[in-house]
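Trainee: I am new to this structure. Please show me how to read it, feature by feature.

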Amino acid sequence: MRCCSAVLVALVLAGCGGGSDPAAPTPTPTPTPAAVASVTVTAPVTSVLATGTVTLSATPRDAAGNSLSGRATTWSTSPATVATVSTSGVVTALAPGAVTITATSEGQSGSVVLTVVDPRNIPFFEKPFAGEWEVGNFLDHNIPKEFVDNNETFTGFWGEVHPETGGMTDGHSGYDWFMPIGTPLLAMGPGVVKRVDLVSQSFFCPVLNRNVNDQMSVFIEHTLPGGVILESWYVHLSRIDVTVGQALTTGQVIGLAGNTGCSTSPHLHLEVFRMNGDARRTLDPYGWTGAGTDPWESHVDGTASIQLWKPGKAPVLQREINIPYMTAPALAPLVLTKIVYEGVNDATNPNNEYAELTLDTRVASTRSLNGFGFKPQNQTSLAYTFPTGITLTAAQPTVRVYTGAGTNSGLTLYMGKAAGIWNNNRNKVCAVVTFPTAQSGVYLTCP
């Protein structure tokens, strides 16, 4: 009986599980990854030069705006003709224009717009003065190094080669505009004043044949779209109104024109440099429009020029002779008072030249121009005779005649020539005013 009880107790203990393993723990669920709700695209710049590159970054984010790592991202551009983008976000600019760069992750996208800039055409500058003034010197693309180059060859940005300097400084490194002392000078674009010269270091001036140390000038640094860094240099000032480090806006007065330093008459010398660190390379703000390669760009010390003027904001470039009619011979009823003898590419754009003839009110208060005319000296085939019906009065004493084609209107007339007629050499510009046969005579006009 005791034996059976022991067995029963053992069976009961076994049935209660006293001898089994503990139950296994319940596994923790794996959290579901957060979904991509948006993508942020970051660009270090807003513009890039054509053929240049820039690296973008893309950050996928959840609904709370938190960044998400380890998410695959694809890139695309539109239009692809303006720029391409690699799988790692490196953008290669191809052609000027606006391009949208898009990054996509798990069906969500973000974009940024970049401007691809033409490295030869960056409209940024406005005129450095109000009104228009005669240009005395162009930038010589045949080695713009004043007092160094003396090969008597002067090349304008449109590619025309002057066999003689014609009053221009061979090797001129900028543009000169004649203007009175005290004419306000303006910042051509936003920038920062980098240097002010109130008294220059003494240097020898060949045109004055002496040392000078009174040259006043201002350097302004400009950052252009595409990251191009330029300096504009205003020289021969009579007064300076800015200080180093000062931020400038377009059109802000920086000082007054003068005749200081290496200068023979009041004018503004304007030069523009492309910066590469501390290195300066002279360039032409009108760019290069001539056929073939710019000779200055191919020079060891040269650089590519950039068309920098905003549309309609470039100073007009013309060289002219103004002749007060008081110098005319007695009783000459019509005198030639102005010849614009050189403009940009006037060989094929002859309306960049013109002549103005004025009634001498000492002789008459009104005069019909029937039978009157004019011509460049020794150029009989280029003679011009005024059409009938043109009358000058004391109230409207001047008639302008453009060299090229156009429709006559009032006192604005056109010769209809296919090319320029005036000699680009200032020292050789002469004209003859011819009188009607019944009033025989000629009037010779020279500088």
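Trainee: Which strands form the open sheet, and in what order?

Mentor: Strands of a sheet pair through backbone hydrogen bonds, either parallel or antiparallel. Here three strands form an open sheet, ordered β15-β23-β21, with antiparallel pairing. β15 (184-186) and β21 (239-240) are the edge strands, each with a single partner, so one side of each has no neighbour in the sheet. Strands are DSSP runs of E, at least two residues, numbered from the N terminus. Two strands pair if DSSP finds at least two bridges between them. This is a predicted model: local features need pLDDT of at least 70, side-chain atom pairs count only at pLDDT 80 or more, and totals for chains, interfaces and linings use all residues. Residues are numbered from 1 along each chain as its sequence is written, and side-chain values use heavy atoms, leaving out hydrogens and water.

Trainee: How many bridges join β21 and β23?

Mentor: Two bridges, in the antiparallel sense; β23 covers residues 253-256. I240 has G255 in β23 as its bridge partner.

Trainee: Where is empty space left, and how do I read a pocket?

Mentor: Rolling a probe the size of a water molecule over the atoms shows where empty space is left. The search uses a 1 Å grid over the protein atoms alone. A cavity is a set of points where a 1.4 Å probe fits but cannot get out. A pocket is an open set with protein on both sides within 12 Å along at least five of seven lines. Lining residues have an atom within 4 Å of a point. Grid points are joined across faces, edges and corners, and a volume is the space filled by probe spheres set on the points.

The largest pocket holds about 760 Å³. Its lining has 32 residues, and E146, F147, H172, C262 and H269 lie nearest its centre. β24 gives the most to this lining, with four residues. The lining divides into eleven nonpolar, 13 polar and eight charged residues. Nonpolar means Ala, Val, Leu, Ile, Met, Phe, Trp, Tyr, Cys and Pro; charged means Asp, Glu, Lys and Arg; the others, Gly among them, are polar.

Trainee: Which strand gives the most to the lining of the largest cavity?

Mentor: Strand β24 (residues 267-276), with three residues. The largest cavity has a volume of about 30 Å³. Among its lining residues are L139, S173, E271 and V272.

Trainee: Is T282 buried or exposed?

Mentor: T282 is buried, at 9% relative accessibility. Buried means under 20% relative accessible area, exposed over 50%, partly exposed in between (1.4 Å probe, protein chains only). T282 sits in strand β25 (residues 279-283). Its side chain makes a polar contact of 2.8 Å with that of E271. Such a contact is a pair of N or O atoms within 3.5 Å; within protein, one must be able to donate a hydrogen and the other to accept it, and residues adjacent in sequence count only if both atoms are side-chain atoms.

Trainee: What should I look for in the backbone?

Mentor: Most residues other than glycine have a negative phi, and most peptide bonds are trans. N209 has a positive phi of about 60 degrees. H236 also has a positive phi, about 75 degrees. N209 is exposed at 61%, whereas H236 is buried at 5%. The peptide bond from S78 to P79 is cis, with omega near -5 degrees. P79 lies in the loop between β5 (74-78) and β6 (83-85).
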